[in-house]
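Please review the structure below with regard to its nonpolar cores and one of its pockets.

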Amino acid sequence: MTVDLLRHEEELTRADRKILEFIGSNTEEFLFLGIGQLARRLEVSEATISRFARHAGYQDFKQLKQSVMQQSREKGPARKIARTLQKEDEFQVRKWLEHQKECLEKTIEENDPETFESAAREIASADRVFIFSKNASDAMGELLFYRLRRIGIRVEKIPSGGSGMLEGLAQAGEGDLVVFFAYSKLSAQGQVILDCQKEAGYRTLAFTGRTFLMKEECADVNLYACRGDEKEYHSMTAAAAVVDALVLLVSKLTKEKTAKSLSRLHTLKKKYSDRL
């Protein structure tokens with residue numbers, strides 16, 4: 001169902017997108033909701049959900065749920081890669097790279113300059129920036145950590161799990177910014193970050209792969225990056241581009257600090273490069 005709809009994504013209404021992304025990100029919850037409960041959860045009408053089911057190719061909401069239940073049993077990283085490779089008779093690098101262009105174009109469409117500016121200001125004005133990332137998003141977390149530290153931003157990594165995660169988060173308070181990644185869904189750790197924000201007083205910035213977020217899943221600022229079809233191999237091309245664009249904006253806002261940090265780094269490299 002999801003794959004077929006995404007092939008005709010330009011035909012989707014805003015309500016269609018909202019329902020589709022909720023199903024993809026909250027599949028288990030969706031399977032336990034009746035049509036009335038889902039309508040209230042998404043703040044749409046029951047008629048809108050019924051139209052969505054028919055648009056997806058099903059007789060009614062009940063048949064839609066049955067299909068989602070069947071598809072939910074087939075998820076997993078191996079199947080995602082297999083679906084990606086099997087889209088064509090033979091995997092072609094050129095087509096894959098063209099697909100990355102599409103991801104970048106959708107990322108541009110869904111983000112506005114003001115959101116990027118807000119995210120950059122949050123980082124530039126924070127006393128300290130704490131970054132939480134895990135699994136595939138950890139590559140983006142490390143990239144952001146490296147780029148920000150290089151331009152003189154006080155930045156720390158929060159351990160990815162267990163009590164270490166809580167110990168790291170406990171250091172963040174008023175005046176700080178906590179950055180986390182929630183591309184496919186809000187993780188348990190992401191929920192903890194948002195819950196603790198109310199008492200600790202820090203600000204939050206989230207990187208997401210969803211165009212629609214429930215109110216309780218929203219950070220103070222949310223930056224979108226398209227990673228492709230939910231059921232296929234997830235690309236990090238647009239995700240990396242968003243991180244780099246954000247860092248460049250932060251550099252623009254903190255010109256003096258950035259110049260001073262890079263100058264000091266250059267001096268140290270000249271002085272000690274032969275010893276390292």
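This briefing covers the overall fold, the cores and the second largest pocket.

The model is predicted: local features need pLDDT of at least 70, side-chain atom pairs count only at pLDDT 80 or more, and totals for chains, interfaces and linings use all residues. Residues are numbered from 1 along each chain as its sequence is written, and side-chain values use heavy atoms, without hydrogens or water.

**Overall fold**
- The chain holds 14 helices and five strands, taken as DSSP runs (helices H or I, at least four residues; strands E, at least two) and numbered from the N terminus.
- Of its 276 residues, 45% are buried, that is, under 20% relative accessible area with a 1.4 Å probe, protein chains only.

**Nonpolar cores**
- The largest core has 34 residues, among which V129, L148, L205 and F207 touch the most other members; such a core joins buried Ala, Val, Leu, Ile, Met, Phe, Trp, Tyr and Cys residues through side-chain atoms within 4.5 Å.
- Helix 13 (237-253) is one of the elements that each supply at least two residues of this core, and its eight residues are the largest share.
- A second, separate core of 22 residues includes L12, L20, F22 and L33.

**Second largest pocket**
- Among the 15 lining residues, R14, E110, R210, T211 and F212 are the closest to the centre of the second largest pocket.
- Helix 2 gives three residues, the largest share of this lining.

Conventions:
Buried means under 20% relative accessible area, exposed over 50%, partly exposed in between (1.4 Å probe, protein chains only). On a 1 Å grid over the protein atoms alone, a cavity is a set of points where a 1.4 Å probe fits but cannot get out, and a pocket is an open set with protein on both sides within 12 Å along at least five of seven lines; lining residues have an atom within 4 Å of a point.
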